[in-house]
Amino acid sequence: MDTSWALQMKAVAAEEPSRLVQTLTGAILGCGGWVLSRGASDTGLINMLFEFERRDCVDVYSMLIAAGLELSQTGHLRFTELCQCTRNQPRNCGAEIASIDLEIQTYSAQAKPQAMAGL
């Protein structure tokens with residue numbers, strides 16, 4: 001059985017890209033995770049690849065929401081599935097690694113409602 005959790009997610013945020021990258025990096029490290037790559041384009045698109053132990057999935061999920069990210073519906077479903085599988089796993093899977101490839105489109109507060117329609 002393949003127990004790897006490599007998730008790709010999309011989100012939007014109404015935050016300045018470089019500030020959001022700094023916030024997320026600090027928060028991921030604070031949750032015990034590590035950032036493998038990160039970057040922001042001139043168009044406000046942020047790409048982050050990070051990993052964490054599955055036992056920390058609820059903390060990581062909460063941190064992303066608290067940072068102001070609005071995950072796509074698929075992102076919420078996959079993260080919920082990860083958290084539930086981790087909690088309900090009959091054997092100890094907490095030390096297994098989850099990997100998140102996250103793409104975030106940042107927008108000004110005025111442009112955000114139109115951006116969400118595209119997710």
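Predicted model: local features only at pLDDT ≥ 70, side-chain atom pairs only at ≥ 80, totals over all residues.
Visitor: What is the order of the elements in the chain?

Guide: From the N terminus on, they run β-α-β-β-α-β-α-β-α, which gives 4 helices and 5 strands.

Visitor: What makes lysine 10 and glutamate 103 a salt bridge?

Guide: Their closest N and O atoms are 3.8 Å apart. The cut-off is a Lys or Arg side-chain nitrogen within 4 Å of an Asp or Glu carboxyl oxygen, so the pair qualifies.

Visitor: Why is lysine 10 called partly exposed?

Guide: Its relative accessible area is 46%. Buried would need a value under 20% and exposed one over 50%, so lysine 10 falls in between. Glutamate 103, with 28%, is partly exposed by that rule too.

Visitor: How do you know that glutamate 15 and arginine 19 form a salt bridge?

Guide: The closest N and O atoms of the two are 3.5 Å apart, and the limit is 4 Å, so the pair counts.

Visitor: Are glutamate 15 and arginine 19 buried, partly exposed or exposed?

Guide: Glutamate 15 has a relative accessible area of 29%, between the limits of 20% and 50%, and is therefore partly exposed. Arginine 19 has 52%, which is over 50%, so arginine 19 is exposed.

Visitor: What separates glutamate 81 and arginine 78 in helix α3?

Guide: They are 3 residues apart in helix α3 (residues 73–88), which means about one helical turn. At 32% relative accessibility glutamate 81 counts as partly exposed, and arginine 78 does so at 30%.

Visitor: How many salt bridges are there by this rule?

Guide: The count comes to 5.

Visitor: What makes the nonpolar surface patch?

Guide: Leu29, Trp34, Leu36 and Ile97 make it, with about 350 Å². To belong, a residue needs over 30% relative accessible area and no salt bridge, and nonpolar side chains are joined within 5 Å. Leucine 29 is found in helix α1 (residues 17–30).

Visitor: What share of the chain is buried?

Guide: Buried residues make up 39% of the 119 residues. The accessible surface comes to about 6600 Å², and 50% of that belongs to carbon and sulfur atoms.

How values were computed. Residues numbered from 1 in each chain as written. Heavy atoms only, no water. Helix = DSSP H or I, 4+ residues; strand = E, 2+ residues; numbered from the N terminus. Buried < 20%, exposed > 50% of the residue type's maximum accessible area, 1.4 Å probe, protein only. Areas by Shrake-Rupley, 256 points an atom, 1.4 Å probe, with all protein chains shown as cover. Patch = residues over 30% accessible without salt bridge, like charges linked within 9 Å, V, L, I, M, F, W, Y side chains within 5 Å.
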